Amino acid sequence: MSNRQIDALIVGAGFSGLYMLHKLRELGFTAHVVEAADDVGGTWYWNRYPGARCDIESFEYSYSFDEELQQEWEWSERYATQPEILRYLQHVAERFDLRRDIAFETRVASAHWDEDTKRWKVKTENGDSFEARYFITGVGCLSSFNSPDIPGLENFAGEVYSTGQWPHEGVDFTGKKVAVIGTGSSAIQSTPIIAEQADHLTIFQRTPNYVVPAQNHPTDKEFVGKLKQKYGEFREAQRASLLGAARVLLQTPKMVLSIPEDEFQEEMEQRWAMGGLVGFMASHLDSGTDRDANERIADFVRAKIRDRVEDPDTAELLTPRSYPIATKRLCVDIGYYEIFNRDNVELVDLNAAPIEAIEANCVRTNRQSYEVDALVLATGFDAMTGTLNRIDIRGLGGEKLKDKWADGPHTHLGLMSVGFPNMFMITGPQSPSVGSNMVVSIEQHVDWIADLLVHMRENGKEVFEPLVESEKEWGEHIDILFNMSLHPQADTWYLGSNVPGKPRVFTVYIGGVHAYRNLSDEIAEKGYPGFAIDGEGKPNDVDFEDHVMRLMPEELQAA
Ligand code: FAD
Ligand code: NAP
């Protein structure tokens with residue numbers, strides 16, 4: 001039991017918490033991390049399912065804050081596997097001697113703002129407590145597993161695995177009948193490997209996904225060697241990009257519908273051959289705002305499904321039609337569609353035959369029972385707000401964050417919430433987060449918070465909080481961007497649609513990593529308008545929409 005007095009208490013030891021700790025220590029603050037797992041890694045600690053790897057190229061999906069670190073680390077593949085990313089984060093922890101300030105196997109249970117001392121009182125489930133000037137969450141957007149509410153799940157007598165909490169020792173499915181529920185990225189990465197091991201694999205699909213190929217390969221040493229000679233410049237380009245990824249594979253500043261068919265097909269084939277989600281997420285100017293334009297791209301991907309899957313009925317079941325492409329992070333595969341050409345793999349469409357119950361040795365739909373020895377839940381996460389809402393966070397007047405957010409998150413910049421002074425959320429809801437290369441967005445938040453803390457210290461100030469009006473304005477800005485996009489036409493975890501009872505509220509800032517950075521920088525440069533410092537603040541005068549429009553190509557603005 002301890003009651004430590006520190007400047008900052010950080011929750012989580014993933015990409016966010018590790019960098020936040022390092023940064024604050026470098027600046028002379030006392031900081032401590034509390035982490036539920038027994039080691040660092042976050043996402044890459046928990047998600048150990050077979051096939052797990054990043055969907056952004058590794059030389060992009062990595063820290064930029066230390067030149068020596070980025071020069072010395074060698075990725076073995078274009079898209080590193082989970083064990084390699086975990087080794088990288090362990091290396092970072094060792095290199096910067098971070099573990100000595102991390103309490104592992106410790107879960108933060110509550111954080112209450114004390115108005116008298118102007119400090120956060122943080123308690124862990126182990127009974128430890130901290131008093132911290134700043135409470136900083138790096139709890140992850142995708143870190144609370146969404147266990148499906150299927151009748152009888154608890155009666156299943158075989159093995160049950162969740163992709164988001166995979167056993168450390170691995171699982172051997174040899175000779176087993178396996179069922180996988182879910183067809184999101186986690187299933188798309190794991191099923192090709194499970195299919196090779198298992199005697200039989202049944203995949204239960206509710207909504208088909210758009211999937212593009214990774215075209216993974218061992219690291220191109222010549223390319224990376226050249227890149228490392230100007231890594232700093234490359235990192236700047238990431239920060240100045242829409243998605244936080246700078247290796248734009250094809251530059252096509254065109255409106256989709258203006259491209260002649262043969263030219264369009266040729267260009268899309270090039271994108272396909274290059275692989276990866278970046279070339280498809282923001283492929284054309286209007287693909288995210290005009291449904292007809294979006295359909296042209298979606299149709300290209302749909303045709304690829306028909307090419308890859310031999311049985312036309314199965315191909316059709318795997319083809320998404322009801323929602324626009326890229327309204328959820330695109331899935332990137334290595335051999336996913338090809339598994340449906342195997343004799344031991346079967347696809348069950350839950351729309352035609354919903355699961356009625358899970359029994360001791362089978363999954364029963366309203367049409368048929370499927371005998372299984374092992375069940376894999378690839379059912380996603382209570383994303384964006386789920387993990388924050390699991391902590392008893394109370395701000396001014398004892399208000400609970402969970403209550404304030406009962407109808408969806410309310411934040412300023414996706415970084416702070418009114419009534420919760422000195423609390424910061426790294427990649428919180430309503431920030432670019434999951435709509436970007438997250439390491440770039442994490443570094444931007446950490447740097448912004450660190451600069452602010454230095455500003456507070458240098459000016460002898462204690463309490464920092466957004467103004468009510470700025471939070472309202474930010475919420476409206478999020479809505480404007482949402483309504484300009486095709487996102488309202490999809491039901492995704494970005495909107496909480498995957499969790500029964502969650503309010504349907506859009507939780508991602510989609511104005512671009514570059515626009516977000518620029519407007520955040522302008523706020524800092526102007527002395528933090530829109531926030532109160534020790535109770536005094538000027539209204540926000542930063543024009544959020546202008547930041548987005550300035551970076552929007554003219555053709556799109558006109559449209
Ligand atoms: P996390 O890595 O989620 O870490 C949060 C940590 O906080 C966890 O270790 C958790 O145990 C801890 N924690 C939470 N609550 C508490 C508490 N109350 N007390 C103590 N500890 C707590 N993004 C990309 O940009 N590219 C990718 O390729 C990519 N691939 C992904 C693959 C998978 C399988 C998943 C699930 C996500 C992926 N993401 C990807 C998103 C990924 O989550 C981020 O890129 C990044 O790793 C998040 O880092 P983080 O530190 O913010 O959060
Ligand atoms: P997900 O995309 O939310 O997929 C979950 C799947 O489970 C969906 O197919 C969902 O169907 C289904 N499902 C959920 N509840 C169900 C129920 N009760 N009955 C039947 N089916 C149910 O989750 P995820 O695959 O873990 O991926 C989440 C995010 O993590 C990704 O979008 C991505 O950002 C990140 N990720 C990235 C990678 C990578 O490539 N690097 C890998 C894994 C994850 P519905 O769609 O109908 O809800």
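**Entry 1: a loop with positive phi**

I started at Thr427, which lies in the loop between β18 and α14. I take helices (H or I, at least four residues) and strands (E, at least two) as DSSP runs, numbered from the N terminus. Thr427 is not a glycine, yet its phi is positive, about 55 degrees. My cut-offs: buried is under 20% relative accessible area, exposed is over 50%, and partly exposed is in between (1.4 Å probe, protein chains only).

Ser433 is placed in the loop between β18 and α14. Its phi is near 30 degrees, a positive value in a residue other than glycine. Ser433 counts as buried, with 0% relative accessibility.

**Entry 2: ground rules**

I note that this is a predicted model, where local features need pLDDT of at least 70, side-chain atom pairs count only at pLDDT 80 or more, and totals for chains, interfaces and linings use all residues. Residues are numbered from 1 along each chain as its sequence is written, chains are lettered from A and ligands numbered from 1 in the order in which they are written, and side-chain values use heavy atoms, with hydrogens and water left out.

**Entry 3: domains**

I looked up the domain assignment next. It gives domain 1 (3–144 + 383–558) and domain 2 (185–377). The bounds come from an automatic or database domain assignment. The centres of domain 1 and domain 2, taken over C-alpha atoms, are 28 Å apart. I also checked the contacts between them: 47 residues of domain 1 touch 56 residues of domain 2. Contact here means heavy atoms within 4.5 Å.

**Entry 4: ligand 1**

Which residues come nearest to ligand 1? Ser16, Glu35, Thr43, Asp55 and Tyr61 do, out of 34 residues around it. A residue is near a molecule if one of its heavy atoms lies within 4 Å of it.

I went through polar contacts (pairs of N or O atoms within 3.5 Å; within protein, one must be able to donate a hydrogen and the other to accept it, and residues adjacent in sequence count only if both atoms are side-chain atoms). A backbone N or O atom of Val108 is 2.8 Å from a nitrogen atom of ligand 1. A polar backbone atom of Ala36 lies 3.1 Å from a nitrogen atom of ligand 1. On the side-chain side, an N or O atom of Arg329 is 3.2 Å from an oxygen atom of ligand 1. Ligand 1 taken alone exposes 970 Å², and the protein buries 96% of that. The areas come from the Shrake-Rupley method with a 1.4 Å probe; for residues, only the protein chains shown count as cover.

I then sorted the shell. It holds 17 nonpolar, 13 polar and 4 charged residues. Ala, Val, Leu, Ile, Met, Phe, Trp, Tyr, Cys and Pro count as nonpolar, Asp, Glu, Lys and Arg as charged, and the others, Gly among them, as polar. Helices α1 (15–26), α2 (43–46) and α14 (438–458) each supply at least two residues. The largest share, 3 residues, comes from α2.

**Entry 5: ligand 2**

I counted 23 residues around ligand 2, and the closest are Arg53, Thr183, Ser186, Thr207 and Lys328. An N or O atom in the side chain of Ser186 is 2.7 Å from an oxygen atom of ligand 2. A backbone N or O atom of Arg53 lies 2.8 Å from a nitrogen atom of the ligand. For Ala378, a backbone N or O atom is 3.2 Å from an oxygen atom of ligand 2. Ligand 2 taken alone exposes 910 Å², of which the protein buries 88%.

The shell around ligand 2 divides into 9 nonpolar, 9 polar and 5 charged residues. Its largest share, 3 residues, is from helix α5 (residues 185–197). Why does ligand 2 lie between domain 1 and domain 2? Both domains give residues to its shell, so it lies between them.

**Entry 6: single residues**

Ser58 is in the loop between α2 and α3 (67–72). It is buried, with a relative accessible area of 1%. Beyond its neighbours within four places in sequence, Ser58 is in contact with Trp75, Glu77, Arg78, Tyr79 and Ala80.

Ser417 sits in the loop between α13 (401–404) and β18 (423–425). At 2% relative accessibility, it counts as buried. Leaving aside neighbours within four places in sequence, its contacts include Trp405, His410, Met425 and Glu471.

Last, I checked Glu266 in helix α8 (residues 261–274). Glu266 counts as exposed, at 54% relative accessibility.
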